[in-house]
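Please take a moment to look over the sequence and the three-dimensional view before reading on. The paragraphs below lead from a helix to a set of strands, and then to the ligand.

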Amino acid sequence: MICRKVVYRNFRNIAYAEIEPSEGVTVLNGPNGQGKTNTLEGIFLFAGGRSFRTVHENELVRFGEEFAQIDMIYHDGHRDCTMSLRFVPRVGKRFCRKNGVPLTKLSEMVGNFRAVLFCPEHLAIVRDGPAVRRRFLDTALSQTDPGYLRSLQKYNAVLNQRNALIKMARDKHDDSIFLSTASLWSEQLAEEAEKIAATRAAYVEKLDAHVSAILSDMTGGTEKASLAYQTPRTREEYLRLLTENTERELRFGATLYGTHKDDILIHLGGREARSFGSQGQQRSIALAMKIAEGELSREVTGEYPVFLFDDILSELDASRRSYLLSGIEGRQVMITSCDEIEKDCKVYLVKDGEVSQRGGV
Ligand code: ATP
Ligand code: MG
């Protein structure tokens with residue numbers, strides 16, 4: 001996967017900019033608050049389908065403007081493709097096209113252009129609660145497995161319905177509101193849950209092998225991590241949990257069992273990394289998970305995704321930093337940094353929303 005060209009119009013603080021990233025490393029350089037992260041955010045929108053910074057798409061439109069638009073040319077391993085995204089707050093809509101053809105569903109859009117993003121907040125993947133790790137899996141799997149995204153969307157729709165009924169039954173003190181259709185919702189939920197859990201568990205098993213190897217290379221073999229999905233169940237097991245606990249759910253006011261409760265357990269040197277890892281160790285595991293995500297994306301699709309690294313170099317020690325800059329040879333990488341980088345690569349200077357080429361070819 002190669003991102004060849006990106007054109008931004010009224011996107012965040014960028015009135016207009018064009019970039020043509022190198023096939024190797026491209027650096028976006030500039031002081032704080034100039035638009036470096038905005039530049040990466042625009043590219044990641046094509047991969048994730050949503051911003052990694054906000055759920056409010058209106059924020060993507062430059063203050064005072066009517067729309068924001070981003071156009072990209074990328075090579076998907078077979079041919080050059082174009083994609084465009086246009087956000088129009090006035091009509092509360094966004095428009096996506098691939099090679100000129102409108103794509104209306106998120107599941108049609110995601111998976112065309114693939115990218116892996118890593119930013120300082122991703123430390124949360126190791127440090128924070130299970131929701132962040134589930135989101136990591138969902139973002140990664142959605143890009144390479146359209147069936148997964150469909151299951152997930154169906155699961156979430158059923159879960160929302162089921163939760164709404166439980167809540168209504170509780171608020172109105174009338175259990176029958178939920179119980180009369182509970183088995184219907186539980187069966188649908190259990191069916192999708194089994195698919196989601198099986199896909200996630202298989203993915204985490206492969207991820208585990210890569211993360212161990214990457215972390216070991218990154219730290220000269222001093223650190224050993226292990227990952228495991230907790231807990232995949234069968235359709236029958238989910239159904240039994242949902243059926244046997246309706247009373248608890250009615251008291252609690254929401255669905256208590258299912259893949260929306262699962263987690264990845266991460267251990268470092270035999271202890272839970274979330275509680276016992278140092279900040280640098282947690283960051284390194286999170287980074288290794290992201291690099292591993294790229295490896296698995298290549299195993300499935302035959303192509304490396306584009307790696308987008310926001311602001312991470314200044315946080316890594318010299319050996320981890322050099323591993324990152326040399327260990328990622330052969331992949332397209334875009335890195336933002338306030339400092340200049342001591343590597344021969346294409347450089348863009350980002351200043352007050354303007355993006356101009358400064359060096360490299
Ligand atoms: P840092 O080095 O601090 O991470 P950065 O170069 O990555 O900085 P960005 O986050 O890309 O900075 O850009 C931030 C700037 O973009 C802020 O000044 C912010 O006010 C501006 N900005 C964000 N959204 C919009 C918008 N919709 N319209 C205009 N400007 C915006
Ligand atoms: Mg930034």
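Is helix α4 mostly covered, or mostly open? The model in which we look for the answer is predicted, so that local features need pLDDT of at least 70 and side-chain atom pairs count only at pLDDT 80 or more, while totals for chains, interfaces and linings use all residues. Residues are numbered from 1 along each chain as its sequence is written, chains are lettered from A and ligands numbered from 1 in the order in which they are written, and side-chain values use heavy atoms, with hydrogens and water left out.

Helix α4 is mostly covered, since 11 of its 15 residues are buried, where buried means under 20% relative accessible area, found with a 1.4 Å probe and protein chains only. Among the buried residues are Val-132, Phe-136, Leu-137 and Leu-141, but also the residues Arg-133, Arg-134 and Asp-138. Helices here are DSSP runs of H or I with at least four residues, and strands are runs of E with at least two, numbered from the N terminus. The expected span of a helix is 1.5 Å times one less than its number of residues, and because α4 (residues 130-144) has 15 residues, it should span 21 Å, which agrees with the 22 Å between its end C-alpha atoms.

Turning to the strands, β4 (residues 68-75) and β5 (residues 80-88) run antiparallel and are joined by eight bridges; two strands pair if DSSP finds at least two bridges between them. They form a hairpin with four residues between them, and Gly-77 in the turn has a positive phi of about 105 degrees. Strand β5 is also joined by six bridges to the antiparallel strand β6 (residues 93-98), and in this hairpin Gly-92 takes a positive phi near 60 degrees. Ser-84 in β5 is the bridge partner of Asp-71, and Ser-84 also stands opposite Arg-97 in β6.

Further along, Thr-336 is found in strand β13 (residues 333-337), and it counts as buried because its relative accessibility is 1%. The side chain of Thr-336 is joined to that of Asp-310 by a polar contact of 2.6 Å, a polar contact being a pair of N or O atoms within 3.5 Å, of which, within protein, one must be able to donate a hydrogen and the other to accept it, while residues adjacent in sequence count only if both atoms are side-chain atoms.

Finally, an oxygen atom of ligand 1 is 2.6 Å from a polar backbone atom of Gly-33, while a polar side-chain atom of Thr-37 lies 2.7 Å from an oxygen atom of this ligand.

Definitions and conventions: Buried < 20%, exposed > 50% of the residue type's maximum accessible area, 1.4 Å probe, protein only.
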